[in-house]
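Open the model in your viewer and keep the selection tool at hand. This tour goes stop by stop.

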Amino acid sequence: MKRILFLMSDTGGGHRAAAEAISAALGARYPSVCRFDLVDVWKHYPPFPFNHSPETYGPTVRWGRPAWWAGYKLTNSRGASKAVMGPMYHALFKNGMKRLLSRHEADVIVCVHSVFVRPVLRALSKQIHRPPFITVVTDLVSTHMWWYDPRVDRCLVPTKAAYQRGLLAGLQPEQMRVTGLPVHPSFTAGVTDKHEARAALGWDPDLPAVLILGGGSGMGPVYRSARAVNARRLRCQLAVVAGHNHQLKAHLDHVRWNQLTHVYAYVRNMPTLMAAADILVTKAGPGTISEACIAGVPIVLGGAVPGQEEGNINYVVRNHAGVWAPSPTRAARAVRDWLAEGPEGLARRAAAAKALGRPNAVWEIADEVWHYANQPRVLLGK
């Protein structure tokens with residue numbers, strides 16, 4: 001039985017999603033021979049109040065955008081990242097990392113969160129030998145320098161831009177591999193034919209469909225974007241997902257819609273929703289972008305987290321998989337323009353999005369993890 005330790009945190013949805021995707025692929029590929037530990041490091045190992053980071057992340061990003069952007073930029077160089085992480089390690093992580101490693105024995109460690117790479121490797125460096133250490137980078141393009149540490153055994157990145165950042169950080173080419181972002185195997189398996197998906201959802205089979213998302217927490221201008229599209233009285237149908245945001249769902253339920261509109265709370269059938277859609281309106285989250293590309297649905301990007309999601313905009317736009325429309329009015333205008341292109345235009349945009357999809361990424365990553373889980377421990381020469 002191979003013990004696989006995932007280091008993640010619920011600071012944003014992408015870290016846990018990546019760990020769960022990889023563990024699902026490992027479980028399917030190598031059944032009954034893996035044991036998984038998914039540890040929210042921020043929640044369990046730093047001192048108070050930093051152990052509340054999973055709860056405060058969303059409000060911090062939402063209401064403290066200038067400060068978040070400044071902090072991201074100021075620490076995002078090779079020298080600054082090391083200089084800042086040193087004091088952070090002693091103040092936040094030193095004792096916690098010792099407890100973490102003593103509680104979770106592993107044959108391989110897989111880190112899917114940038115902040116934990118260096119603290120855990122530093123704690124491991126005090127041992128005589130350690131398990132192999134793999135970093136799976138879950139930001140697409142604007143990757144922070146904290147993701148990269150030359151002591152890792154393997155660094156798996158989603159894009160060529162992330163690979164180049166690794167080289168700048170001092171990693172060797174043979175340490176890295178471009179795999180794409182891990183998307184849960186069930187997502188790819190659930191992406192069906194558009195007509196089949198619409199039949200399953202009870203949507204109109206002929207009307208173009210616009211899907212508006214704000215992630216699992218319903219972040220961003222979902223309500224205002226939906227109202228802006230609604231005001232244009234377009235020949236389409238809308239699907240709006242409020243996620244866990246109950247207030248947003250209540251507001252959406254009271255809108256007087258000008259076209260056929262489907263309003264959902266949190267959903268577990270996202271592959272079907274994306275397969276049924278012709279246009280996606282959302283923020284520039286890496287997981288949503290990756291899923292949309294696998295499903296072949298072009299994206300109207302209406303927002304981005306400062307710092308780590310900024311590069312995603314250029315990535316999508318440069319590859320003709322979507323447009324940047326950073327206001328509800330501009331998003332509605334983009335939807336109008338795309339619908340005016342007709343079925344041929346939507347099909348062309350869908351093909352461009354699908355060309356960016358990496359549905360096999362999670363399987364490639366699972367195979368890498370399995371390979372290193374079967375390697376001997378790394379002798380540190382003490």
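Which residues lie nearest the centre of the second largest pocket? Select Arg62, Met219, Gly220, Pro221 and Arg224 to find out: these lie nearest its centre. Keep in mind that this is a predicted model.

**Stop 1: the pocket**

Now show the whole lining. The second largest pocket is lined by 23 residues. The space inside comes to about 500 Å³. Colour the lining by residue type: 11 are nonpolar, eight polar and four charged. Next, select helix 3 (53-63), helix 10 (222-231) and helix 11 (246-253). Each of these helices supplies at least two residues of the lining.

**Stop 2**

Switch to a cartoon view. Six strands make up an open sheet, in the order 10-9-8-11-12-13, and the pairing is parallel. Select strand 10 (261-264) and strand 13 (322-324): these are the edge strands, and each pairs on one side only. Neighbouring strands in this sheet are turned by 15° against each other on average, direction ignored.

Zoom in on strand 12, residues 299-301. Strand 12 pairs with strand 13 in the parallel sense, over three bridges. Pick out Leu301, and opposite it you find Trp324 in strand 13.

**Stop 3: helix 7**

Move to helix 7, residues 160-168. Which of its residues are buried? Select Ala162, Tyr163, Arg165 and Gly166: they are buried. They sit on the same side of helix 7 because they cover an arc of only 160° around the axis.

Methods: Residues numbered from 1 in each chain as written. Predicted model: local features only at pLDDT ≥ 70, side-chain atom pairs only at ≥ 80, totals over all residues. Heavy atoms only, no water. Pairing = 2+ DSSP bridges. Helix = DSSP H or I, 4+ residues; strand = E, 2+ residues; numbered from the N terminus. Axes fitted to C-alpha atoms, helices over the stretch in contact; angles between N-to-C directions. 1 Å grid on protein atoms, 1.4 Å probe; cavity = no way out; pocket = protein on both sides within 12 Å on 5 of 7 lines; lining within 4 Å. Points joined across faces, edges and corners; volume = space filled by probe spheres on them. Nonpolar A, V, L, I, M, F, W, Y, C, P; charged D, E, K, R; others polar. Buried < 20%, exposed > 50% of the residue type's maximum accessible area, 1.4 Å probe, protein only. Arc of directions from axis to C-beta.
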